[in-house]
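Here's a walk through a structure, taken one contact at a time. Have the coordinates open and follow along.

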Amino acid sequence: MATTFDARPAAPPLLDRLSAPKAVLILVALMWVPLTLYVMAGRNLGVLQPYILLPAIPATLILYVLAVRAWRESWTAVIGATLVFFWLLMAVSAPYLPLLDPNKPIAPFVLPFSHGKVGDTFFWLGTDFKGRDMLSRTVWGCQRVIVWGVTATVVAYVVGTLFGLIAGYLSGWWDELITFFGNVLLSFPVMVLFIVVLNYLGPSGFNIVIAVTFASAPAIMRIVRGLTLDIKSRDYVFAAQTRGERPFYIMIFELLPNVRGPIIVDACLRLGYTTVAITTLTFLGLGLQPPDPDWGLMIKEAAKTAMLFRFSYMLIIPALSVSTLILGFNLMADGLREISLRD
Amino acid sequence: MAILILRRLVQMALIIVVASFLLFLIFDTDAFKKKTAIAELGGFGVSSLSEADYQKWLDEKGLNVPFYQRYGKWLGDVATGDLGRSYEKSTAVGPLLLDRLKNTGILAFWVFALMIPLSLVTGVLAGMREGSAQDRTLSFIAVFTTSIPEIATAILLTVIFALGLGWLPAKSAMIGGFNWRQLVLPVLTLVIYDFGYVARMTRASMAEVMTSQYIRTAVLKGLPFRHVIVKHALRNALIAPFTIIVLQLNWLLSGVVVVEVFFEYDGFGKLLLEAALFGDIYVVQACTLVAVVIAVLSQIISDVGYTILNPRIRFA
């Protein structure tokens, strides 16, 4: 993602300056922090709520331009990024788009591209069984999937990487203990783990984060542990040890940057898995709760009420939405792997 | 080899003990007992119970016995083959589980019967000429089908084949006895989701073999390309997919949950979800037991198979 910053006397073009790691980090924060606050804190934001997402919109657009520019060699990555950023843009701009209220019942079972029997509101994607606008529910629905999916993946990565570094670098008893608990968790089928954890803690976004961490962190731990074992005998690690650095410093500043590459690709794939998991869990009734719009919930509700060909749009629209988002993550991962193999 | 298998089995026993202990610990909390009560008696029924009545109910269900005693008893029972009784269905867990596992077994058999040839052929055709148009098309299809979550595949198939064309039934509850037509959509859903992953792994393995020296020699000495692929490349290229296919068994156990719930097919996954939602601890314990055993056994089979197929690998 980060192209090199070369310090020529003439100031580099704007896009180059924005591609520097620091600038990208700031842009990501500008996009991500408001979105997370908006979804997690929601109504507690008070007066800020209507405005908080405004800076995120330009940040998302600039990030998209930068991503396309950095990955232009790989078509797969560009297509993937386009899909992902489309939904990101929908997520950050949902409050400002001219949409109907996603939770307000208007007229039930109106087919797509029609006016329905009452009033003159035109429904692009029709309405659901309670008469709520499908277009608006689809656009609003991506907010929660994206925020919870990414948060869960990030937390799982932090935990998994930390344990992986400890197991790989310290070895000995630490390694035995961590690996055994990793194996215990890995030998559960993922769904069993999800169902048990969520059933115990109760269904909510924060608990999904915990469940995903339990399910994903052991696998991440294994990858990081393997990579750490591979690089811990390098000279720069010995140099740091000779300098008398603490193990924690070595893990974070010497080992972590060097295991970064394979982890980023794996993270893109895992984002896809997590999105699938959240949608599936919500469909099973263990995930996010009504009434706020969410793709999994839309499927769950429609699967009970709309099992007729005429009304199958209620099922197909959320199914296609979630598929495009996951396809985006997977194509991005594929493209990034292609790029990293080329260098 | 024998030592390796033995060590794995010991590890499996340890994992089962730790996992079942944790499950008992979770299900022993007051909140969970209350949940079981609400699931059985209804929310109103529980709120109208006096504290003494509630305690009596717990006694009747055997839930008031201290946790370690219940756990010890359960361990002993399992060792003698008794898996306890289901609170929800008030039958013995053993036969219930066996029945559901049989249904999931039928499902899994057909999934594997279709998925293995399909994914191997796709993977070999794609990996044969890396970077060609054929490779790109097949790889894209593989990524594409894997990207559609099972729930979405299930929906699209149902809408097209059941609701639209009316060729197949939309639900697979098998109320009127076994009916193969009800099996088609769940099997297809699982195959479509899973085949892409195995195909991509096969492709990677095939592509790697194709770059090796002995293949180049075979091509250069003028053997027909088909001959090179079938006689030389396939032998080595199919070793890695073997392990992956065996490990899919483990994936299938979690994959079936959503498919069985959506199609209302009475299998292992649906049983597990219902039991967990009800707080039916003995059923959840039995399901977990089966799941862990299958997971570890499939790992052992894949490891042992790998060493047999590839004599260069030796376990230390």
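How many salt bridges are there between domain 1 of chain B and domain 2 of chain B? The count is zero, where a salt bridge means a side-chain nitrogen of Lys or Arg within 4 Å of a carboxyl oxygen of Asp or Glu.

Before going further, some ground rules. This is a predicted model, in which local features need pLDDT of at least 70 and side-chain atom pairs count only at pLDDT 80 or more, while totals for chains, interfaces and linings use all residues. Residues are numbered from 1 along each chain as its sequence is written, chains are lettered from A and ligands numbered from 1 in the order in which they are written, and side-chain values use heavy atoms, with hydrogens and water left out.

Let's stay with chain B. It has 14 helices and zero strands (DSSP runs numbered from the N terminus, helices being H or I with at least four residues and strands E with at least two). The C-alpha trace of chain B spans about 90 × 55 × 30 Å along its principal axes. The chain is split into domain 1 (2-82) and domain 2 (94-314), with bounds that come from an automatic or database domain assignment. Over C-alpha atoms, the centres of domain 1 of chain B and domain 2 of chain B are 34 Å apart.

The contact takes 43 residues from chain B and 36 residues from chain A. The area buried between chain B and chain A is about 3700 Å², and carbon and sulfur atoms give 79% of that. Across this interface of chain B and chain A there is one salt bridge: D334(A) pairs with R200(B), with the closest N and O atoms 2.6 Å apart. Two residue pairs are in polar contact across the interface of chain B and chain A, both at pLDDT 80 or more. Several helices of chain B each supply at least two residues of the side that touches chain A, among them α1 (2-27), α7 (133-147) and α14 (281-309). The most comes from α8(B), with eight residues. By type, the residues on the side of chain B that touches chain A divide into 31 nonpolar, nine polar and three charged. In this scheme Ala, Val, Leu, Ile, Met, Phe, Trp, Tyr, Cys and Pro count as nonpolar, Asp, Glu, Lys and Arg as charged, and the others, Gly among them, as polar.

Over all chains, the structure holds 13 salt bridges. In one of them, the side chains of D175(A) and R225(A) meet at 2.7 Å, N to O. D175(A) sits in helix α6 (residues 172-187) of chain A and R225(A) in helix α8 (residues 205-231) of chain A, so this pair ties together parts that are 50 residues apart in sequence.

The whole structure has 15 aromatic pairs over all chains. Rings of Phe, Tyr and Trp (its six-membered ring) pair if their centres lie within 6.5 Å, and planes under 30 degrees apart count as stacked, over 60 as edge-to-face and the rest as tilted. W87(A) and W295(A) make an edge-to-face pair, 4.9 Å centre to centre with 70° between the planes. W87(A) belongs to helix α4 (residues 75-93) of chain A and W295(A) to helix α12 (residues 295-305) of chain A, so the pair ties together parts that are 208 residues apart in sequence.

Helix α4 of chain A is also the place of T76(A). Leaving out residues up to four places away in sequence, T76(A) touches L331(A), G335(A) and E338(A).

Methods
Contact = heavy atoms within 4.5 Å. Buried area = accessible area lost by both parts, 1.4 Å probe. Polar contact = N/O pair within 3.5 Å; in protein donor to acceptor, adjacent residues only side chain to side chain.
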